[in-house]
Amino acid sequence: MAVRAPVAGRAISLDRVPDAVFAQAMVGPGAAIDPVRAPGVVLSPVSGILVKLKPHAFVVTATDGRGVLVHLGIDTVNLDGGGFVLLAEEGGPVLAGAPVVRWNPAAIEAAGLSPVCPVIALDADPASAAAIAASVALGPVSADDRLFTWA
């Protein structure tokens with residue numbers, strides 16, 4: 001399954017995320033994006049059901065049952081939804097590349113928080129984790145480009 005970039009920016013490895021839980025892959029393997037500092041729309045990385053939707057994070061479960069977490073910035077839960085506009089509904093179907101949230105990474109950074117966006121393959125087994133890490137397309141990415149492959 002191709003997991004697409006939810007935002008434009010620079011794809012980085014998880015160990016560069018300024019949060020130990022993500023950096024040490026405690027939540028799962030994946031990659032992160034240091035986003036372009038401009039207002040924008042966050043896209044769904046895969047097609048499936050939007051099983052969780054919070055202003056700062058969401059999870060899409062694909063038809064095969066695998067879930068992908070997108071977390072918009074670090075510690076952004078502390079903003080209590082400020083600066084985020086939900087564009088989709090929890091529990092509904094979503095296509096890869098469909099808009100889910102509107103936000104402004106520059107405003108997140110101005111509030112003293114990191115706008116880096118981890119994109120995590122939830123509950124990936126150890127063999128998948130190694131393959132995911134090897135498949136990450138590091139460097140500049142546009143929203144909806146392939147970020148990594150989850151075999």
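**Close-up 1. Asp-144 sits in the loop that joins β12 (139–141) and β13 (146–149).** The model shown here and in the other views is predicted. Most residues other than glycine have a negative phi. Asp-144, however, has a positive phi, near 85 degrees, although this residue is not glycine. Its relative accessible area is 31%. Because exposed residues have over 50% relative accessible area and buried residues under 20%, Asp-144 is classed as partly exposed.

**Close-up 2. Asp-80 belongs to the loop between β7 (67–71) and β8.** Here, too, the residue is other than glycine and its phi is positive, with a value near 50 degrees. Is Asp-80 buried or exposed? With a relative accessible area of 71%, Asp-80 is exposed, because the class begins over 50%.

**Close-up 3. Three strands make up an open sheet.** The strands of a sheet are held in pairs through backbone hydrogen bonds, in either a parallel or an antiparallel arrangement. In this sheet the order is β4-β10-β8, and the pairing is antiparallel. Which strands lie at the edges? They are β4 (40–43) and β8 (85–86), each of which pairs on one side only. Strand β8 also marks one end of the loop that holds Asp-80.

**Close-up 4. Strand β4 pairs with strand β10 (residues 99–103).** How many bridges does this pairing include? There are four bridges, and the two strands run in the antiparallel sense. Within this pairing, Leu-43 stands opposite Pro-99, a residue of β10.

Notes
Residues numbered from 1 in each chain as written. Predicted model: local features only at pLDDT ≥ 70, side-chain atom pairs only at ≥ 80, totals over all residues. Heavy atoms only, no water. Pairing = 2+ DSSP bridges. Buried < 20%, exposed > 50% of the residue type's maximum accessible area, 1.4 Å probe, protein only.
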